Amino acid sequence: MKQHIAIDGPAGAGKSTVARLLARRLGYLYLDTGAFYRAVTLHFLELGLEKEDLERGEIARFLQSVRIDICPGDETRVFLNGRDVSRDIRTPEVDALVSYVAKAPEVRDFLREVQRHIALSQPSVVEGRDIGTVILPEADLKVFLTALPEVRARRRWQELALRGKKVDYKVVLKNVLERDSIDSQRSCAPLQQAQDAVVVDTSHLTVEEVVEKLYILATEGNHGGSCGHLFRIL
Ligand code: CDP
C-alpha cells in the first residue's frame with residue numbers, strides 16, 4: 001500500500017475534492033496545504049496589506065504577529081489567532097492575493113516544516129503545488145492533476161456560486177490563469193510536475209472516475225492484507 005500520496009496541480013484541477021475522497025476511501029489523513037497559504041493571506045488582508053506591501057520585503061515582520069493552527073480532517077480546518085477561518089479563506093479577495101503571498105520565500109519557509117511534519121505523521125494524501133517536489137519528495141505515489149483552463153475556471157465559478165458568491169465567470173478565469181502563471185514562474189518551490197509524477201487530465205473525467213484511477217494507483221501491487229513481502233513456497 002502506498003503510504004504517502006502527493007497530489008499537485010493548478011487551480012481548479014479538482015485536487016481538493018479528489019484528494020479528500022481518496023483519503024476517505026483509504027482511511028488516510030487528508031491535508032490541503034493551500035489552506036495554510038490562504039490563512040496567511042487572510043491575515044495580511046486583515047492587516048490591510050496589499051500586493052505592493054508584500055514586495056517591500058516586510059513579510060517576516062508581519063508573520064511574527066500571527067498564530068495559525070491547523071486541524072486536519074475531512075476538511076482541513078484553519079484557525080487564525082484562535083478564530084476558525086475555514087470558510088473565510090475561500091473568498092475572491094483571498095483568491096486575488098494568495099499567489100503573491102505564496103511566492104514569498106519567507107512564507108514558504110514558515111510553512112514547510114509543519115506541512116511535512118503533519119504529512120509524515122501518518123499515512124496521508126496531501127495536495128498542493130509543491131508536494132511531490134518539496135514537501136514529500138519521497139512520496140510513494142505522485143499525481144499531477146490538470147485540466148483545461150476553461151474547465152477549471154467553470155468548476156471554481158460553480159464552487160463560488162454554491163457558496164453564494166456571485167462572481168463573473170471571466171473574472172474567475174482571469175484569476176485562475178493569473179495564479180497558474182505566478183505559481184509556476186516563482187523561483188521558490190514553483191508549481192511543477194515532479195519527474196516521477198503520473199499526469200491525470202481531469203477535463204473529461206467525472207470525480208468518481210478520477211478517484212477510481214487514483215485508488216488503483218495507490219493500491220496496485222497490493223496482494224490483499226498488509227503484508228510487506230511475498231514468499232514463494234511452491
Ligand atoms: O483550490 P485551489 O487549487 O484553487 O487553490 P489552493 O490549493 O487553495 O491554493 C491557493 C494558492 O496557494 C495557490 O494558488 C498557490 O499560490 C498557493 N499554494 C502554494 O503555493 N503551495 C501549495 N502547496 C499550496 C498552495
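**Entry 1: a cut-off to start with**

I count a residue as buried when its relative accessible area is under 20%, as exposed when the figure is over 50%, and as partly exposed in between. I note that I am working from a predicted model.

**Entry 2: Ala-189**

I looked up Ala-189 first. At 14% relative accessibility, Ala-189 falls under the cut-off, so I log Ala-189 as buried. I located Ala-189 in the loop that runs between helix H9 (169–185) and strand S8 (198–201). Then I checked the backbone. The phi of Ala-189 is near 45°, which is a positive value in a residue other than glycine.

**Entry 3: Asn-81**

I turned to Asn-81. Its phi is also positive, near 45°, and Asn-81 is not glycine either. Where does Asn-81 lie? I found Asn-81 in the loop between strand S4 (77–80) and strand S5 (83–84). Is Asn-81 buried or partly exposed? Its relative accessible area is 44%, so I log Asn-81 as partly exposed.

**Entry 4: Thr-76**

Next I went to the loop between strand S3 (68–71) and S4, where Thr-76 has its place. I read a relative accessible area of 2% for Thr-76, so this residue is buried. I also followed its side chain. The side chain of Thr-76 reaches the backbone nitrogen of Asp-32, at 3.0 Å.

**Entry 5: where the ligand sits**

I moved on to the ligand. I found the ligand in the largest pocket. Which helices each supply at least two residues of the shell around the ligand? I wrote down helix H2 (34–46), helix H5 (92–102) and H9.

**Entry 6: the shell around the ligand**

I listed the neighbours. There are 18 residues around the ligand, and Arg-38, Arg-108, Arg-156, Arg-179 and Asp-183 come nearest. How do the residues of the shell divide? I sorted them into nine charged, five polar and four nonpolar.

**Entry 7: polar contacts and cover**

I checked single atom pairs. For Ser-99, an N or O atom of the side chain is 3.1 Å from an oxygen atom of the ligand. For Arg-129, I read 3.1 Å between a polar side-chain atom and an oxygen atom of the ligand. For Asp-130, a polar side-chain atom lies 2.9 Å from a nitrogen atom of the ligand. Last, I looked up the cover. On its own the ligand has 530 Å² of accessible area, and the protein covers 98% of that.

Methods
Residues are numbered from 1 along each chain as its sequence is written. This is a predicted model: local features need pLDDT of at least 70, side-chain atom pairs count only at pLDDT 80 or more; totals for chains, interfaces and linings use all residues. Side-chain values use heavy atoms; hydrogens and water are left out. Helices (H or I, at least four residues) and strands (E, at least two) are DSSP runs, numbered from the N terminus. Buried means under 20% relative accessible area, exposed over 50%, partly exposed in between (1.4 Å probe, protein chains only). A residue is near a molecule or strand if one of its heavy atoms lies within 4 Å of it. A polar contact is a pair of N or O atoms within 3.5 Å; within protein, one must be able to donate a hydrogen and the other to accept it, and residues adjacent in sequence count only if both atoms are side-chain atoms. Accessible areas come from the Shrake-Rupley method with a 1.4 Å probe; for residues, only the protein chains shown count as cover. On a 1 Å grid over the protein atoms alone, a cavity is a set of points where a 1.4 Å probe fits but cannot get out, and a pocket is an open set with protein on both sides within 12 Å along at least five of seven lines; lining residues have an atom within 4 Å of a point. A molecule sits in a cavity or pocket if more than half of its atoms lie within 2 Å of its grid points. Ala, Val, Leu, Ile, Met, Phe, Trp, Tyr, Cys and Pro count as nonpolar, Asp, Glu, Lys and Arg as charged, and the others, Gly among them, as polar.
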